[in-house]
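Please read these notes with the model open beside you. Take the points in order and find each residue as it comes up.

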Amino acid sequence: MSFYPLFPGILALFSWIFVILIGIMNDKPYRFSQVGLIFITLLYIPTALFYQTYIEGTLLETIYYYVLMLTVTLFIVTAFMVFKKVLFTKNHYHLFIKSIKATKWNAYYVVDHKGRIQEMSDSLCEEFGFTVEQIKDKSFFDIVNRSIRITSFDGVETNNRAMETYYEDYQKIVKPKTSEEHEMLFQNYQGKPVLLHTVEQPIFILGKYRGRINIGERRSDFDLLSIEKELKAAEQSVESMRLKFIATLELSEEGLFYIDLDERYIWGNDRFVEMTGIPSNTIDLDDYRKLIKEEDLQTYLGVISGLTSRKQTYKTTYRLLKQGYYIWVKEAGKRIFEDKSSNIIMGSFNVVQTSGYQKINVSEIDGLLGQPELLLHLDQLVESKKHFQLALIELSSVPKINDMYGREIGNMLMGEYIKKLKGSFMSESSQIFRLSGLVFAITLIDPRKMDLLRQGIQANQTYMNLQMNYGSIQTELEVMIGVSRSHSDGSSGKEIYQHAKDALMVARNPQYQSNACYYHEIHG
């Protein structure tokens, strides 16, 4: 047996210990490195036992020297890393303490793992009635018990003894990389109340608890503190109101907006964006006013400029350019003169439904959109490259029914017909519009609905008519229909609409053999 190989074995053992220390400092196990070093360490035991007998003077001795050089290299590297890590940790700790002293916060203290004071701000020393030199390296709670009386901790009534017991268990339960926020109320050495608000951070070096740092602010002006709490409560209340207001804007069916006259922009809710056709919720004030029809703009500006503290509200109607055509809109608002810091107008916005027909108090009909919306709908379908048909439907016998049975019966018939029309031919993307008192338009998107209409007309020329019975009244609603198709009958919404009108004109002709006409059949 030779003791010579035991010395590199000791170096390998120390290298293994150094790797364990590095793992503790970095919170990483480095299992592969540990296994390798344990293997090398154990390898030196049989090497020492059989070195003179089997290794010396053989090829194994050469291998032994290579392993020896590897062991020495690993020892130097791991020893250097541990030295550097310990030095950096220690230096980092002192730099951290130094930075605390230069902090803008007016209260801090550092306690080591034995509960002794290492650092404390002058402001806290004043409350304790000592200087830093008098309390350094003294037990924190010895100083506390001699100078102050703790009355509350995190809003719970307590005392000095209870706090001392709490921190006796602190180092047993605290974990690295954690922090806690605490608020402690105490009476200083003069009996005056003081509030200490700190963030508590434990100190761990080489994975071992070495103390704690508390840094924050000390407050003794309780009148000011009360005001701050009131301001915080007011801030929370304002934030709550803001969130409720935003929710109201989101849920409202009206177009709601505000105008900032200082920053010169308009913000509107999603409904406002939908009604006006603007690209986003915010638009420059001048850009918005360019959308107003020129002859209406001066009236609009006069209404806005005429607002005073005595006349804060307004109502006005004007024409607004929306995606290529003008719509009538009604705007009502109020300028908030009470807000001295800004010039704001809050308002609501609605589209005026214009039509050349009279409302009949039938919900199925009075809520329908008109020709401008139809043209917009057709353009959207064309842009999305959908295949569809447009059917213009004229309830031609309604005037005759009105004369025979009264307008009330005629209105009921129209409402019932539109209701059945929606149920039979409308799909998810389809829409129905009222173009005049007797003419309606419906878009057919579903190919099955197109086939249903086509086959019905081919089988029966009066397929779209409707037999109605109201008590003793029995009548038939006669219908004329003109149909145009996308792609083949027009490349724009306006063109498809015009071709459907042409087809309807043919269907009205008494000489035509059917009540329904497809445009492509007469202009193949």
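1. **What a cavity is.** The search runs on a 1 Å grid over the protein atoms alone, and a cavity is a set of points where a 1.4 Å probe fits but cannot get out. Grid points are joined across faces, edges and corners, and a volume is the space filled by probe spheres set on the points. Rolling a probe the size of a water molecule over the atoms shows where empty space is left.

2. **Ground rules.** This is a predicted model, where local features need pLDDT of at least 70, side-chain atom pairs count only at pLDDT 80 or more, and totals for chains, interfaces and linings use all residues. Residues are numbered from 1 along each chain as its sequence is written, and side-chain values use heavy atoms, with hydrogens and water left out.

3. **The largest cavity.** How many cavities of 30 Å³ or more does the structure hold? There are three. The largest has a volume of about 90 Å³. Its lining residues, those with an atom within 4 Å of a point, include Y109, F140, F141, Y167, H182 and N214. Helices α6 (140-147) and α7 (160-168) each give two or more residues to this lining, and so do strands β3 (149-153), β5 (180-187) and β6 (193-205).

4. The lining of the largest cavity has nine nonpolar residues, three polar and no charged. Here Ala, Val, Leu, Ile, Met, Phe, Trp, Tyr, Cys and Pro count as nonpolar, Asp, Glu, Lys and Arg as charged, and the others, Gly among them, as polar.

5. **The whole chain.** The protein chain has 19 helices and 20 strands. These are DSSP runs, numbered from the N terminus: helices are H or I with at least four residues, strands are E with at least two. Of the 524 residues, 41% are buried. Buried means under 20% relative accessible area, exposed over 50%, and partly exposed in between (1.4 Å probe, protein chains only).

6. **Surface and contacts.** The accessible surface of the protein chain comes to about 30,500 Å². Carbon and sulfur atoms account for 56% of that surface. Areas come from the Shrake-Rupley method with a 1.4 Å probe; for residues, only the protein chains shown count as cover. Contact means heavy atoms within 4.5 Å. Among contacts between residues at least 6 apart in sequence, 55% join residues at least 24 apart.

7. **The annotated segments.** An unreviewed UniProt entry carries the annotation "transmembrane region" for residues 6-25, 32-51 and 63-83. Such annotations may be inferred rather than shown by experiment, and positions are given in the numbering used here, with feature names shortened. Residues 32-51 are 100% helix and 0% strand in the model, with the end C-alpha atoms 28 Å apart. Residues 63-83 are also 100% helix and 0% strand, with the end C-alpha atoms 30 Å apart.

8. **E164.** Look in helix α7 for E164. Is E164 buried or exposed? E164 counts as buried because its relative accessibility is 19%. Leaving out residues up to four places away in sequence, E164 touches F141 and N145. E164 and F140 are 24 residues apart along the chain, and their C-alpha atoms are separated by 9.3 Å.

9. **Helix α12.** Both D296 and I304 belong to this helix, which spans residues 294-305. D296 is buried at 12% relative accessible area. Beyond its neighbours within four places in sequence, D296 contacts Y318, R319 and W328. I304 is buried at 9%. With residues up to four places away set aside, I304 touches R289, Y314 and I345. I304 and I345 are 41 residues apart in sequence, yet 9.2 Å apart C-alpha to C-alpha.

10. **N515.** N515 sits in the loop between α18 (493-508) and β20 (516-518). N515 counts as buried because its relative accessibility is 14%. Its contacts, not counting residues up to four places away, include Q461, N465, E478 and A507. I481 is 34 residues from N515 in sequence and 6.4 Å away, C-alpha to C-alpha.

11. **Two positive phi angles.** D137 is not a glycine, yet its phi is positive, about 65°. D137 lies between α5 (132-135) and α6 in a loop, and is partly exposed at 45%. K177, also not a glycine, has a positive phi of about 60°. K177 lies in the loop between α8 (170-173) and β5, and is exposed at 76%.

Notes: On a 1 Å grid over the protein atoms alone, a cavity is a set of points where a 1.4 Å probe fits but cannot get out, and a pocket is an open set with protein on both sides within 12 Å along at least five of seven lines; lining residues have an atom within 4 Å of a point.
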